[in-house]
2 protein chains.
Amino acid sequence: MRNVRLTLCYEGTDFAGWQRQPGKRTVQEVVELALAQLLGERVRLLAGGRTDAGVHALGQVANFRTHSNRSPEILFRALNATLPPDVRVLQVDEVPLAFHATYDARQKLYRYVFHDGSVTYPWLRRFVAQARQRLDVEPMSEGARWLCGTHDFSSFETFGAQRASSVRTIRRLAVFRSRYGLLWEREPLDEKTEARADGDFVYLEVMADGFLYNMVRAIAGTLYNVGRGFWPPSVVREILEAKDRRRAGPTAPACGLYLVKVWYEDLSDGAPPLDFPT
Amino acid sequence: MRNVRLTLCYEGTDFAGWQRQPGKRTVQEVVELALAQLLGERVRLLAGGRTDAGVHALGQVANFRTHSNRSPEILFRALNATLPPDVRVLQVDEVPLAFHATYDARQKLYRYVFHDGSVTYPWLRRFVAQARQRLDVEPMSEGARWLCGTHDFSSFETFGAQRASSVRTIRRLAVFRSRYGLLWEREPLDEKTEARADGDFVYLEVMADGFLYNMVRAIAGTLYNVGRGFWPPSVVREILEAKDRRRAGPTAPACGLYLVKVWYEDLSDGAPPLDFPT
């Protein structure tokens, strides 16, 4: 028995999310079908982050156990030859049997992209959320600061989810304006870079030890209301303290959201989470 | 009677090109239908460059004559509210009655984008041509130099086209490697910019007074053969001198091609063509 880890990217547009659902096209099903075809056995994929319908992934991580002895290199080529073009395998590694992509995830990075130029360019329509007015990044950053650290994020959790705890720790919540070309970077963006001083894109990057259902999109919808001047930044604190989803902003559209990267403690993947600059 | 100029962008993927064709979805038809709906009269659009099926446009120019007295601002908003999301209006201007978007075009800029990374990312598949191997930019640039200037480009004209002359003047043919984010720039790219020193994208930019049918794609297919080491750069000169389409490389895929900008002498649009650095 071997344990194999996949690093995957996909365009979420035509997927009903990661997780298998009867009668729907999901990433899990598409990749599991490709693996079954290649390995001659059914496998079960475990994911680092279960992305929702329409959400994109730049560096999703998933693992499966198999009796097959195909090398990672062969699997990499065969999978990309088999999978549909909206999902690609970026890396295949053999990992210790105990590795579990869901439970062992230590930090995850999500990116949310608003476009607030006057025209929604055709090539952007699947990849950004179009803002209806210009966003002011300063108050958004100010509001975002209330969310950093360890909090009960009930106000940013979509109703219906069942979790043992709504407490999570956000290590970093950056809001910055940028020019395009950065949508698909598979590493955290540095808001200080010169090229990002202007442009029609507003990026949110949220790095945390875990996320509640629709949490990033609820944060994005809330900061959107701050950015368009509907709420002052201090409202974010009130929302957080209310622990009531109805107080926060709307769930921002799925097409603006990216699962960028998942960090694991034991499998080195560049810097381990705790060395990551906050 | 008024003459109105539109600056348009579109994603070519789902269009059978610019020009009206029975039973096919074309940009001309889609925009003419939207205009008829708004103006209450049928108008005929004339285009700066008649892009082919699948080819994108960042700054297509088209004009039409109308009896309507709607302001450019109203037309801009109403058109973008009416048009499908894969075509957008960037600008609407009133121009002198004599202006003709096709005949008055003085210079046109096309961009061709190859991606030669090992994985075709899902979000790129509609917007680049995927190279099967790494391209060497130096010999491509060397080959490109033979094409600059005034030549008979018969070797780069798809069979079947009828033109008075196959002589055109290429002012600039730049080949350079880059990181992404530049695909959709609506101005000529500067290959000297630092950010473009590495990356998995190879850009071709061709600026000329006119283009033969499939000319940029034939040039791209030829330089691709040079970049992958199949031909030495000097073959480009032999191909040009042969005046025989069969000697040149294949027609590169439509999805890698962009009509970037059209310059007109009399309607100032930044620098006039002759001041443009070659």
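What is the handedness of the crossing of α3(A) and α4(A)? Right-handed. Keep in mind that this is a predicted model.

## α3 against α4 in chain A

In chain A, helix α3 covers residues 137-145 and helix α4 covers residues 215-227. Their axes come within 8 Å and cross at roughly 135°, which makes α3(A) oblique to α4(A).

On the α3(A) side, the contact uses A:Pro139, A:Met140, A:Gly143 and A:Ala144. α4(A) brings A:Leu223, A:Tyr224, A:Val226 and A:Gly227. Sorted by class, the contact of α3(A) with α4(A) has 6 nonpolar residues, 2 polar and no charged.

## α1 against α2 in chain B

Over in chain B, take helix α1 (residues 27-39) and helix α2 (residues 72-82): the axes come within 10 Å, crossing at roughly 125°. That angle makes α1(B) oblique to α2(B), and the crossing of the two is right-handed.

From α1(B), the residues that meet α2(B) are B:Ala34, B:Leu35, B:Gln37, B:Leu38 and B:Leu39. Their partners in α2(B) are B:Leu75, B:Ala78, B:Leu79 and B:Thr82. The class tally for the contact of α1(B) with α2(B) is 7 nonpolar, 2 polar and no charged residues.

## α4 of chain B

Helix α4 of chain B (residues 215-227) has 13 residues. From first C-alpha to last, α4(B) reaches 18 Å, close to the 18 Å expected at 1.5 Å a residue.

Is α4(B) buried or exposed? Buried: 13 of its 13 residues are, so α4(B) is largely enclosed by the rest of the structure. After α4(B) comes B:Gly229, with a positive phi near 85°.

Note on methods. Residues are numbered from 1 along each chain as its sequence is written. Chains are lettered from A and ligands numbered from 1 in the order in which they are written. This is a predicted model: local features need pLDDT of at least 70, side-chain atom pairs count only at pLDDT 80 or more; totals for chains, interfaces and linings use all residues. Side-chain values use heavy atoms; hydrogens and water are left out. Axes are lines fitted to C-alpha atoms, for helices over the stretch in contact, and angles run from 0 to 180 degrees between N-to-C directions. Helices (H or I, at least four residues) and strands (E, at least two) are DSSP runs, numbered from the N terminus. Angles under 35 degrees count as roughly parallel, over 145 as roughly antiparallel, 65 to 115 as roughly perpendicular and the rest as oblique. A crossing is left-handed if the near helix is turned anticlockwise from the far one by less than a right angle, and right-handed if clockwise. Contact means heavy atoms within 4.5 Å. Ala, Val, Leu, Ile, Met, Phe, Trp, Tyr, Cys and Pro count as nonpolar, Asp, Glu, Lys and Arg as charged, and the others, Gly among them, as polar. The expected span of a helix is 1.5 Å times one less than its number of residues. Buried means under 20% relative accessible area, exposed over 50%, partly exposed in between (1.4 Å probe, protein chains only).
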